[in-house]
Amino acid sequence: MPMDWIWGLIGGLLIGTGGAVLLLGNGRVMGASGILGGLVDRSGWGTAAERAAFVIGVIATPLLMLQILGLEADTHLTSNWFAVIAAGLLVGAGTRIANGCTSGHGVCGISRFSLRGIVATVFYILAGGLTLVLFRHILGVI
Amino acid sequence: MRILISLLSGSLFGAGLLLSGMTDTTKVQGWLDVFGAWDPTLAFVMGGAILPMLVAWQLTTRGAPLTGGAFPDLPRPELDHRLITGSVLFGMGWGLAGLCPGPAMASLTFGGTGGLIFLLSMLAGMSFAPKLGSQLDRLAAAT
């Protein structure tokens, strides 16, 4: 089995453990878009401190790990600024309208066999695949 | 205590996103792009993440969260237009850049200017979402 798959599995177990800690500890569903979005649109200001603590953990931990291990990481993000901005707007608006993203609908939804989570995951994967076909293989812009 | 638990949860999430390779857009787009050099890593990440959560959901059938209160009252399984439209919009952005909200945060410190621009655009999208959502509701009611 390629090392990338093993790292994927190990990383995945950590992601799921993070979700289990939040659910069993605080009684909250670990959804990245919901936790962040609640701070942006003020709907989650009643729990602002714990949301901010989660966000700080997500941002700071990879930095600390890379510093300690002396490694570098790269996102290999496209240099097409138009694509980056359009993608950011779509991800931000879409996840809030659908009330969840890969972590909330994907990880936390599928693991409780939620119909909404499964349907959302099917639609965002299909939309992502078709978008790549259009912009990479047909238009060749990313 | 709730704040410490949130910090721990976010730290595990961030560490997992980095180790799994999900902060690398080529791995995410590699999974979505079935016509390119298909990369199945994301399936391993999803599978690995679902396992601890399967156990966690089983544990919520009795008792209460560690810090008190109650386990979340989850929405009834209704498939509405918001779920579908929102997921399609999200998927389009996800395919275009290869980043979703978690990795966009986790890669902020090494993602350069592009990563910052993506995150700011995503926050802008999140702030427009309530208005856009109500417009979609009106559109759905009219059709």
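Modeller: Let's start with a helix pair: the axes of helix 2 of chain A and helix 6 (residues 112-142) of chain B come within 9 Å and cross at roughly 70°. Keep in mind that this is a predicted model.

Colleague: Why are helix 2 of chain A and helix 6 of chain B called roughly perpendicular to each other?

Modeller: Their axes cross at roughly 70°, and angles of 65 to 115 degrees count as roughly perpendicular. Helix 2 of chain A and helix 6 of chain B therefore carry that label.

Colleague: Which residues in helix 2 of chain A and helix 6 of chain B meet?

Modeller: From helix 2 of chain A come A:Ser33, A:Leu36, A:Gly37 and A:Val40, and they meet B:Met122, B:Leu123, B:Met126 and B:Ser127 in helix 6 of chain B. Sorted by class, that contact has five nonpolar, three polar and no charged residues. Glycine counts as polar here, so A:Gly37 belongs with the polar ones.

Colleague: What makes the pattern of chain A α-α-α-α-α-α?

Modeller: The secondary structure of chain A comes to six helices and zero strands, and reading along the sequence gives that pattern. The C-alpha atoms of chain A fill a box of roughly 45 × 40 × 30 Å along the principal axes.

Colleague: How do you know how many residues of chain A are in contact with chain B?

Modeller: Contact means heavy atoms within 4.5 Å. Under that cut-off, 97 residues of chain A are in contact with 103 residues of chain B. The area buried between the two chains is about 9,000 Å², and carbon and sulfur atoms give 78% of it. On the chain A side, A:Thr75, A:Ile97 and A:Arg116 lose the most area to chain B, together 8% of what that side buries.

Colleague: On to the spaces, then. What makes the largest cavity a cavity, and how much space lies in it?

Modeller: A cavity is a set of points where a 1.4 Å probe fits but cannot get out. There is one cavity of 30 Å³ or more, and about 180 Å³ of space lies in the largest cavity. Of its 17 lining residues, A:Thr102, B:Leu17, B:Met22, B:Val45 and B:Cys100 lie nearest its centre. Helix 3 of chain B gives the most to this lining, with four residues.

Colleague: How do the residues of that cavity lining divide by class?

Modeller: The lining of the largest cavity divides into 14 nonpolar, three polar and no charged residues. Cysteine counts as nonpolar, so B:Cys100 falls in the nonpolar class.

Colleague: And why is the other kind of space called a pocket?

Modeller: A pocket is an open set of points, whereas in a cavity the probe cannot get out. The largest pocket has a volume of about 730 Å³. Of the 33 residues that line the largest pocket, A:Val29, A:Gly31, A:Gly34, A:Asn99 and B:Leu74 are the closest to its centre. By class, the lining of the largest pocket has 11 nonpolar, 15 polar and seven charged residues.

Colleague: What volume does the second largest pocket have, and which residues lie nearest its centre?

Modeller: Its volume is about 320 Å³. The second largest pocket has 17 lining residues, with A:Glu72, A:Ala73, B:Leu18, B:Leu19 and B:Gly21 nearest its centre. Nine residues of this lining are nonpolar, three polar and five charged. Glutamate counts as charged, so A:Glu72 goes with the charged ones.

How values were computed
Residues numbered from 1 in each chain as written. Chains lettered and ligands numbered in written order. Predicted model: local features only at pLDDT ≥ 70, side-chain atom pairs only at ≥ 80, totals over all residues. Heavy atoms only, no water. 1 Å grid on protein atoms, 1.4 Å probe; cavity = no way out; pocket = protein on both sides within 12 Å on 5 of 7 lines; lining within 4 Å. Points joined across faces, edges and corners; volume = space filled by probe spheres on them. Axes fitted to C-alpha atoms, helices over the stretch in contact; angles between N-to-C directions. Helix = DSSP H or I, 4+ residues; strand = E, 2+ residues; numbered from the N terminus. Parallel < 35°, antiparallel > 145°, perpendicular 65-115°, else oblique. Buried area = accessible area lost by both parts, 1.4 Å probe.
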